[in-house]
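The sequence and the structure come first.

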Amino acid sequence: MSDLLERLRARGWRLTAQRRVVAEVLDGDHVHLTADEVHARAAERLPEISRATVYNTLGELVTLGEVLEVSTDRRAMRYDPNAHHPHQHLVCAKCGTVRDVHPGGNPLADLPDDERFGFAVSNVEVTYRGLCPSCRAA
């Protein structure tokens, strides 16, 4: 579960009405929204919020390290508030649904030394792809 609002308050980040509504839209489990989806949901709560404000706020949150940018389909970036909870992603190849997953083991340790080619590897991103139950049933 994302604790984005609490993290932002603890950092002393100024929570204007616009920033707060963007953070509220992003807060939660399995949240992977595009900027346009964030704007649409934020506008339902705060109709006067501009697209530019949403984009700027998302950029600030990414810069702060409080939100991750995730590319799952080589199209629009998605924003993931679970920046402080190590996880991977499971993506439906048909409808694009994204879920956070927490497989056991350490994917960084799974890369043998002879496959590192001298790199000092510091991060691993794994995306599992398949069909969600709804798409499988269709």
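## Overall make-up

Of the 138 residues in the chain, 34% count as buried, where buried means under 20% relative accessible area, exposed over 50% and partly exposed in between, with a 1.4 Å probe and protein chains only. This is a predicted model, in which local features need pLDDT of at least 70 and side-chain atom pairs count only at pLDDT 80 or more, while totals for chains, interfaces and linings use all residues. Residues are numbered from 1 along each chain as its sequence is written, and side-chain values use heavy atoms, with hydrogens and water left out.

The chain has five helices and six strands; helices (H or I, at least four residues) and strands (E, at least two) are DSSP runs, numbered from the N terminus. In sequence order the pattern is α-α-β-α-α-β-β-β-β-β-α. The C-alpha trace spans about 55 × 45 × 25 Å along its principal axes. Among the contacts in the chain with a separation of 6 or more, 51% are between residues 24 or more positions apart; a contact means heavy atoms within 4.5 Å.

## Confidence

The mean pLDDT of the chain is 89, and 99% of the residues score at least 70. pLDDT is the predictor's confidence in each residue, from 0 to 100.

Three strands make up an open sheet, in the order 1-3-2 and with antiparallel pairing. Strand 1 (33-34) and strand 2 (68-70) are at the edges with a single partner strand each, so one side of each has no neighbour in the sheet. Two strands pair if DSSP finds at least two bridges between them. Strand 1 is joined to strand 3 (residues 78-80) by two bridges, and the two run antiparallel. Leu33 stands opposite Tyr79 in strand 3.

Helix 2 (residues 17-26) has Arg19, Val21, Val22, Ala23, Val25 and Leu26 as its buried residues. These buried residues pack against helix 1, helix 3 and helix 4 (51-64), and also against strand 1 and strand 3. Just after helix 2, Gly28 has a positive phi of about 145°.

Strand 4 (88-92) and strand 5 (residues 98-101) pair in the antiparallel sense over four bridges. Leu90 stands opposite Arg99 in strand 5. The hairpin has five residues between the strands, and Gly96 takes a positive phi near 85° there.

In a regular strand the side chains alternate between the two faces of the sheet.

The largest pocket has a volume of about 600 Å³. It is lined by 25 residues, of which His87, Gln88, Asn123, Val124 and Glu125 lie nearest its centre. Strand 2 and strand 4 are the elements that give two or more residues to this lining, and strand 2 gives the most, with three. By class the lining has 11 nonpolar, 12 polar and two charged residues.

The second largest pocket holds about 160 Å³ of space. Its lining consists of His30, Val31, His32, Leu33, Arg41, Arg78, Cys95, Gly96, Thr97, Val98 and Arg99. Four of the lining residues are nonpolar, four polar and three charged.

Pockets were found on a 1 Å grid over the protein atoms alone: a pocket is an open set of points where a 1.4 Å probe fits, with protein on both sides within 12 Å along at least five of seven lines, and lining residues have an atom within 4 Å of a point. Grid points are joined across faces, edges and corners, and a volume is the space filled by probe spheres set on the points. Ala, Val, Leu, Ile, Met, Phe, Trp, Tyr, Cys and Pro count as nonpolar, Asp, Glu, Lys and Arg as charged, and the others, Gly among them, as polar.

## Two loop residues

Phe117 lies in the loop between strand 5 and strand 6. Its phi is near 50°, a positive value in a residue other than glycine. Phe117 counts as exposed because its relative accessibility is 64%.

Leu131 lies in the loop between strand 6 (127-130) and helix 5 (133-137). With 45% relative accessibility, Leu131 counts as partly exposed. Apart from neighbours within four places in sequence, Leu131 is in contact with Cys92, Lys94 and Arg136. Leu131 and Gly59 are 72 residues apart in sequence and 31 Å apart in space, C-alpha to C-alpha.
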